[in-house]
Amino acid sequence: NPFLLDEPQRTNLSTFSEELSDASYVKSQVTISSNTFTSPSGVLNADKIIPSTTNSFHTVAKTNTGPSGVIVTFSVFAKRNGYNFLLLNTDGGSTAGGAGPVINLLNGTIAAVLGSSNYNAKVVPYPNDWYRIDMQFTTNNTAIKIDLNVLPSSSIGAYVGDGVSGVLCWGYSLEAGSSVSSYIPTLGSAVTRNQDLLIKTGISNLIGQTQGVFFVQIKASLDTLANRSISISDGTPNNRLVINIPNNFTNRYSFFTIIQGVATNGPNVTNDGLFQNIAIRYSSTETSFW
């Protein structure tokens with residue numbers, strides 16, 4: 001079924017999101033094979049991280065400039081290409097202790113964790129064996145460093161690479177916020193995507209003027225930093241129906257109606273990050289919530 005992807009304004013703070021060969025990515029005992037594989041965008045622009053034959057850790061590190069003391073989300077697309085595991089490691093100077101998850105690119109699971117937290121990491125499958133990995137953490141510095149560590153197994157340690165096998169990566173992203181948004185490509189500087197604004201006028205004949213049902217199937221992110229709502233009205237504050245995600249509740253929906261200036265509050269419902277069906281039935285004499 002078709003659906004609308006309605007997103008807030010977001011900025012990819014990380015430069016050169018599709019160019020691991022750029023000097024801003026610090027390579028340690030790896031080489032980069034650039035633009036030799038097809039990325040999730042359908043373009044031949046994915047890079048391969050190839051560990052060297054030296055007994056060592058094999059990493060690509062990038063220090064991003066971002067806000068300190070806020071929740072940020074890091075994400076990257078990855079695919080196995082000889083090696084099946086990728087460690088996402090945050091630097092202790094960027095967060096409260098260096099840590100991160102080891103992702104199994106065979107099945108899209110979290111195979112191990114370095115440190116005490118996997119930072120609520122999630123792994124979402126994409127076509128052609130790609131995965132998008134994202135995780136959230138609170139920064140304690142404006143220099144936010146994240147390492148991509150290629151591993152032959154879920155064990156974290158030094159090893160000797162074969163100089164051929166590796167992991168494909170594409171779409172490196174760092175954004176302020178406690179949930180991942182759709183990918184924003186960058187080329188040399190941070191890029192901002194504006195907030196989506198959905199407006200439809202001229203539909204008063206489709207909406208019951210004195211009674212009806214307002215129904216939505218909704219999936220909202222768990223980011224509760226701002227009030228967000230979906231509503232219909234007659235153009236005045238005296239007659240309106242509102243489904244709200246308030247910033248003063250944790251992971252909740254709230255509902256209310258104002259009919260001829262009289263407000264009726266509905267229940268608070270848990271927002272579990274899954275699709276939910278929500279309906280408000282209204283008339284001049286009663287309101288009910290489903």
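Predicted model: local features only at pLDDT ≥ 70, side-chain atom pairs only at ≥ 80, totals over all residues.
1. Strands here are DSSP runs of E with at least two residues, numbered from the N terminus, and two of them pair if DSSP finds at least two bridges between them.

2. Residues are numbered from 1 along each chain as its sequence is written, and side-chain values use heavy atoms, with hydrogens and water left out.

3. Have a look at one pairing inside the sheet. Strands β5 (residues 59-65) and β12 (residues 143-151) run antiparallel and are joined by seven bridges. If you want a spot to check, take Thr63, whose bridge partner in β12 is Lys145.

4. Now for the charged pairs. Side chains of opposite charge can pair when their charged atoms come close. A salt bridge here means a side-chain nitrogen of Lys or Arg within 4 Å of a carboxyl oxygen of Asp or Glu, and the count comes to three.

5. One of them is Glu7 with Arg193, where the closest N and O atoms are 3.5 Å apart. Glu7 sits in the segment before β1 (10-12) and Arg193 in strand β14 (residues 191-193), so this pair ties together parts 186 residues apart in sequence. Both Glu7 and Arg193 are buried, that is, under 20% relative accessible area with a 1.4 Å probe, counting protein chains only; exposed is over 50%, and partly exposed lies in between.

6. Glu175 and Arg10 make another salt bridge, with closest N and O atoms 3.0 Å apart. This pair also links distant parts of the chain: Glu175 is in strand β13 (residues 166-176) and Arg10 in strand β1, 165 residues apart. Both Glu175 and Arg10 are buried.

7. Then there's Lys122 with Asp134, at 3.3 Å from N to O. Lys122 belongs to strand β10 (residues 122-126) and Asp134 to strand β11 (residues 130-138), 12 residues apart. Which one is buried, and which partly exposed? Lys122 is partly exposed, at 37% relative accessible area, whereas Asp134 is buried, at 3%.

Conventions
Helix = DSSP H or I, 4+ residues; strand = E, 2+ residues; numbered from the N terminus.
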